[in-house]
Amino acid sequence: MKRHHSREKKEFNPETLALGLGYDSKFSEGAIKPPIFLTSTFQFQSAEDGKRFFEIAYGLDEKRPGEDPGLIYSRLNNPNLQIFEERIAAWDRTEQAAVFSSGMSAISTAVLALLSPGDHILSSSPVYGGTHYFFEVVLPRFGITVTQVTGGTETPQLMREAAARIGPEKIKMLYVETPANPSNVLIDIPAIAALAKDLGRDGQKPVVAVDNTFLGPVFQRPAALGADLVIYSATKFIGGHSDLVAGVVTGSAELMKTVMMMRTVLGTMAGPFAGWLLLRSLETVSVRMRRQAKNARKLAALLVEHPRVISVAYPDLLQEGDPQYDIYRRCCTGPGSLIAFEVEGGEEAAFKILNRFEVARLAVSLGGTESLVEHPASMTHADVSPEEREEFGIKPGLIRMSVGIEHLSDLERDLTHALDLD
Ligand SMILES: Cc1ncc(COP(=O)(O)O)c(C=O)c1O
């Protein structure tokens, strides 16, 4: 299946492309679904073919129009990965995607590919704990430094001030995670992209990288809003069944060439089986995420009314006039299905509530078909300092819920039962 209709030249929608793009059944005995290509290496039809495939893969020569790059070795390319990459790039409307063995390998490979000693990253905070550790502990050992500024409406201004302090010429990446985990705070992606342009010198500008794990690829398209790289933990909504660990980076062909070369060198690509599972998952990502958001909207409304609940953070609850609502309206097309709510009674009450769920499971991670609940202060954000936890609104009574696709009435009953402690 091609990306455009042959007669009308109109691009198909990603929901449609996710079922056919990049796969020709004639190469696989007519199988409707791509088989798993569980192979480490690929046979060349001739030595000349092998030579040519390497020339293209190692960037020694440009691919000619219509030329097939050719399969070599599963650390460089594999059909399950390539088909998935075409389809997720279609979702993000980017030129190229690369799939990795985890969200963390996607983030670390992209950063190591594009930055050098002496370079500086400006990042929003909080970011996912693994990213935080990579930024604060690992990167400084390689001479790359990171300044984190508070995530939210003020992030572009705070980054502008930080760049002026540090020296705009040193800033090589603006990294944002939006919505933030677990606060659901939103960051204005077009304003970050505009800042990157302002900081640019001599045709070079900082790369704008957005971790789109919470809302993408369905409810937020950062590349259309000015991001250069869109990053995912595909373990979450893209995988969607809590049965795999993977990551994705998408962006322009030029940037992705460098990222993919680093992936080849580090060997951080996903395996063929994970690629095959991701192909299955991508077919339903829109259906799943919309159903999850539909359930989440109702549960958020229930939580707002509950006397034991002090506050609820969920994009759908934002009100006109709130600057966060303005960002939501411009950057997102739906609220997703992560709700953070604070209950009265601190950790003790939160734990009692968490232990009473019967449908939602007590586990970290998110985005799967099943509902999950967890306690950020003692679990996902346990290594964040108490001061920072306070700043990010990670209170002892805060519970994070990832809403699944279960029947709404069961979820409502489960949530009400869990909250009604006495
Ligand atoms: C927003 C975000 N980014 C990145 C990651 C890292 O992904 P992975 O666990 O697939 O390495 C996570 C994991 O929870 C996450 O929530």
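This is a predicted model: local features need pLDDT of at least 70, side-chain atom pairs count only at pLDDT 80 or more; totals for chains, interfaces and linings use all residues.
**Entry 1, a pair of strands.** I looked up S233 and found that S233 stands opposite G247 in β7. Next I checked the strands around this pair. Strand β6 covers residues 229-233 and strand β7 covers residues 247-251; five bridges join them, and they run antiparallel.

**Entry 2, the whole sheet.** Where do β6 and β7 sit in the strand order? I traced an open sheet of seven strands, ordered β1-β7-β6-β5-β4-β2-β3, with mixed pairing. I then went to the edges, where I found β1 (96-100) and β3 (145-150); each has a single partner strand, so one side of each is left without a neighbour in the sheet. From one strand to the next, I noted a twist that averages 20°.

Which strands does helix α6 lie across? I followed α6 through residues 155-166 and saw that this helix lies across β2 (120-125), β3 and β4 (171-177). Relative to β3, helix α6 runs at about 145°.

I turned to the domain assignment of the chain, which gives domain 1 as 94-270 and domain 2 as 285-419. Their C-alpha centres lie 25 Å apart. For the contact between them, I noted 25 residues from domain 1 and 35 residues from domain 2. What kinds of residues does domain 1 bring to the side that touches domain 2? I listed 13 nonpolar, ten polar and two charged residues there.

Methods: Residues are numbered from 1 along each chain as its sequence is written. Domain bounds come from an automatic or database domain assignment. Two residues are in contact if their C-beta atoms, placed from the backbone, lie within 7 Å. Ala, Val, Leu, Ile, Met, Phe, Trp, Tyr, Cys and Pro count as nonpolar, Asp, Glu, Lys and Arg as charged, and the others, Gly among them, as polar. Two strands pair if DSSP finds at least two bridges between them. Helices (H or I, at least four residues) and strands (E, at least two) are DSSP runs, numbered from the N terminus. Axes are lines fitted to C-alpha atoms, for helices over the stretch in contact, and angles run from 0 to 180 degrees between N-to-C directions.
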